Every structure is written in structure tokens, then in C-alpha cells.
Amino acid sequence: MQSFIVNENEAGQRLDKLLRKYLSQAGSGFLYKMMRKKNITLNGKKCDGSEKLSQGDEIKLFLSDETIEKFSKPADVPQVSKVKLDIIYEDEHILLINKPAGMLSQKAKETDESLVEYVIDYLLTSGSIAREQLKTFRPSVCNRLDRNTSGLVAAGKSLAGLQILSAVFKDRSIHKYYQCVVKGQIKEKQLVAGFLTKDERTNQVTVHNTERPGSVPIMTEYQPVSFHGGYTLLKVTLITGRTHQIRAHLSSIGYPIVGDYKYGNPKDNQEAREKFGIRSQLLHSYQLVFPELPAPLTYLSGNTFQAPLPPAFGRICRQWR
């Protein structure tokens with residue numbers, strides 16, 4: 001027999017969902033049969049799996065150690081390179097990381113290493129989570145940036161942190177601001193609209209002035225911060241949030257982001273590479289402003305967090321000082 005107490009990262013879900021994680025190699029039929037026969041109980045009572053769990057609930061498994069071992073899969077611990085994360089903020093529920101250009105936010109294929117795995121490795125190493133906890137809850141990122149876009153990525157350390165932050169990114173109540181360097185001079189703040197289509201095969205998007213079959217509407221706001229030597233530093237606000245929106249939208253109106261090898265100008269990129277050593281797009285998610293948040297994250301409501309511009313920006317922006 002084994003028993004365990006439901007923790008804060010396991011609470012709020014159905015019992016059968018948790019059991020499928022804990023005894024991941026057992027079929028659903030086996031689990032429901034064990035509940036019917038009271039070989040699995042919740043708080044000492046018969047259960048059917050539909051019960052919503054609360055922190056402190058006790059689950060007992062009246063099964064042999066051999067059976068539990070047979071149906072339990074060891075916690076999947078990522079084996080990744082040791083990477084020092086640039087952590088902007090951390091508490092018991094969330095992490096805010098300044099992701100460098102070149103790092104994946106999430107895996108694209110099984111053999112990839114991404115920020116998700118680096119976060120889990122960091123939390124294991126720091127003692128914030130135990131290996132066994134990964135059976136029933138896995139910390140993860142709440143938003144994604146393109147591989148070659150740098151800046152703020154939020155991760156949930158707790159279930160509450162992950163769920164609440166994922167929700168505000170999804171409903172766009174969290175405000176995200178970017179900075180980028182474009183070729184050419186932009187003198188005025190602009191709000192531009194268009195329609196975007198995505199080619200799933202090539203993972204490339206196209207922006208149009210008029211609606212096309214399969215297109216979605218987009219809106220992007222930008223304002224100049226500095227200009228010198230043929231380059232403008234912009235502050236950009238996404239009104240909508242679509243794949244590659246900032247990169248493709250600015251390129252479509254004649255101001256490609258410096259270092260963008262998918263949507264940029266090859267001649268301009270070559271010039272930036274030779275003069276400043278720029279090897280990836282100069283697009284940085286530099287600021288997050290939190291909306292009103294529910295408990296237990298109310299203390300973060302209205303807070304603003306910023307990530308400093310990476311060195312690649314400095315090699316161009318230095319001439320503006």
C-alpha cells in the first residue's frame with residue numbers, strides 16, 4: 001500500500017487525471033476497476049475518478065509495490081546542456097527569463113533542447129522542485145518567442161502560476177512591448193493594419209493590404225525612439241499577435257528588421273553583419289506589464305518588468321549616444 005497527499009500543483013484537477021499521470025502505464029479500465037473495488041480511495045472513501053482534488057487530500061493505493069512499480073514510469077528528467085539562465089524575476093510561482101537569440105522557447109523536435117528543459121533543469125538543481133514531482137506537474141513557459149528573437153519569456157513554477165499567466169497571454173490582457181532596429185528612417189508613431197497569411201509548409205507568412213482567402217487581420221503599432229546612420233530604433237506594440245507579425249509587417253511597409261534573414265533585405269543584412277557583427281534579427285521583447293491578476297498572484301498586478309537590450313543592439317545603438 002502507498003499513500004500520498006495532494007500538493008498545490010496537483011490540486012484543482014480530477015482524480016482520474018492525476019492517477020493517469022501517477023500510474024501512467026496503467027490503462028483507464030484498470031484504474032476505474034481499482035476505484036470501484038476500493039483499491040484506490042480518496043480521503044478514506046470510495047471514489048469514481050470524477051472528484052475534483054483539493055490540496056491536502058489523501059489518495060491511498062491498496063496495491064502491491066510490484067504493481068505500483070509496474071505501472072509507474074520514472075519521472076522524465078531532461079538531460080540537457082548546462083545553461084545559465086538570465087533570470088529577471090523569480091518567486092514561488094513564476095520565473096521571468098531574458099531569452100537570448102538562438103534559443104528555442106519550446107522543442108520543435110524530440111532531439112531539441114529548449115528553454116522549457118533549461119527551466120526544469122534549473123528548478124531541479126536549485127531544489128525548487130523534486131524529480132518525483134515531475135510525474136504529476138511539469139513547469140513550462142507561458143509564452144513563446146521566435147528562436148532568433150530575444151527577450152522576456154514567462155514560465156510557471158507552480159500550477160497556479162502556469163495557469164494564470166498562460167490565461168493572460170492568451171486573452172492578451174498582459175501588455176507586451178518590443179524594441180527592434182530597422183533599416184531606414186521612421187519619423188512618426190504609426191498604427192498599421194493588414195492581413196496575414198501563413199504557409200504552414202515553409203513556416204513563412206505574407207502580409208497583404210486587403211483580405212485574402214485564409215488570411216487573418218493584424219494590427220501593429222510602432223514609434224521611433226532614435227535614428228542615426230540609416231537605422232531607426234523602434235518601440236513596437238502588438239495589437240494582435242500572429243506568427244512573425246512584427247517582422248513581416250515592418251518588412252511589408254519597407255522597414256525590414258536588421259538581421260532578419262527570412263523577411264529582411266539581404267544587402268542590408270550583409271552590411272550589418274560586416275559593420276557590426278549582427279548575426280540574428282534585432283528584435284527584443286523588452287517589457288511586460290501585468291494586468292490585475294487573481295490569487296495567488298495578486299501581488300504581481302500592475303507590475304512592470306524589463307529585460308535589457310542584448311549586446312547586438314549595442315553595437316548599432318552605441319553610435320546614437
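Tutor: We will go through salt bridges, then a charged patch, then cysteines. This is a predicted model, where local features need pLDDT of at least 70, side-chain atom pairs count only at pLDDT 80 or more, and totals for chains, interfaces and linings use all residues. Residues are numbered from 1 along each chain as its sequence is written, and side-chain values use heavy atoms, with hydrogens and water left out.

Student: What is a salt bridge, and how many does the structure hold?

Tutor: A salt bridge is a side-chain nitrogen of Lys or Arg within 4 Å of a carboxyl oxygen of Asp or Glu. The structure holds 12 of them. Take Asp121 and Lys82, whose side chains meet at 2.9 Å, N to O. Asp121 lies in helix H4 (residues 115–126), while Lys82 is in the loop between helix H3 (65–71) and strand S5 (87–90), so the pair ties together parts 39 residues apart in sequence. Helices (H or I, at least four residues) and strands (E, at least two) are DSSP runs, numbered from the N terminus.

Student: Are Asp121 and Lys82 buried or exposed?

Tutor: Buried means under 20% relative accessible area, exposed over 50%, and partly exposed in between (1.4 Å probe, protein chains only). Asp121 is buried at 15%. Lys82 is exposed at 62%.

Student: Which residues are linked in a network of salt bridges?

Tutor: Asp146, Arg247 and Asp260 are. Within it, Arg247 and Asp146 meet at 3.0 Å, N to O. Arg247 sits in helix H6 (residues 245–252) and Asp146 in the loop between strand S7 (140–141) and strand S8 (150–156), 101 residues apart. Arg247 is buried at 7%, and Asp146 is partly exposed at 25%.

Student: Which residues gather in a patch of positive charge?

Tutor: Patch members have over 30% relative accessible area and no salt bridge; like charges are joined within 9 Å, and nonpolar side chains (Val, Leu, Ile, Met, Phe, Trp, Tyr) within 5 Å. Lys and Arg count as positive, Asp and Glu as negative; His and the chain ends are not counted. Here Lys33, Arg36, Lys37, Lys38 and Lys46 form the surface patch. Lys33 is in helix H2 (residues 28–36) and is partly exposed, at 41%.

Student: How many disulfides are there?

Tutor: A disulfide is a pair of cysteine sulfur atoms within 2.5 Å. The count is zero. As for cysteines, Cys47 is buried at 5% relative accessibility, and Cys180 is buried at 0%.

Key
Accessible areas come from the Shrake-Rupley method with a 1.4 Å probe; for residues, only the protein chains shown count as cover. The place of a charge is taken as NZ of Lys, CZ of Arg, CG of Asp or CD of Glu.
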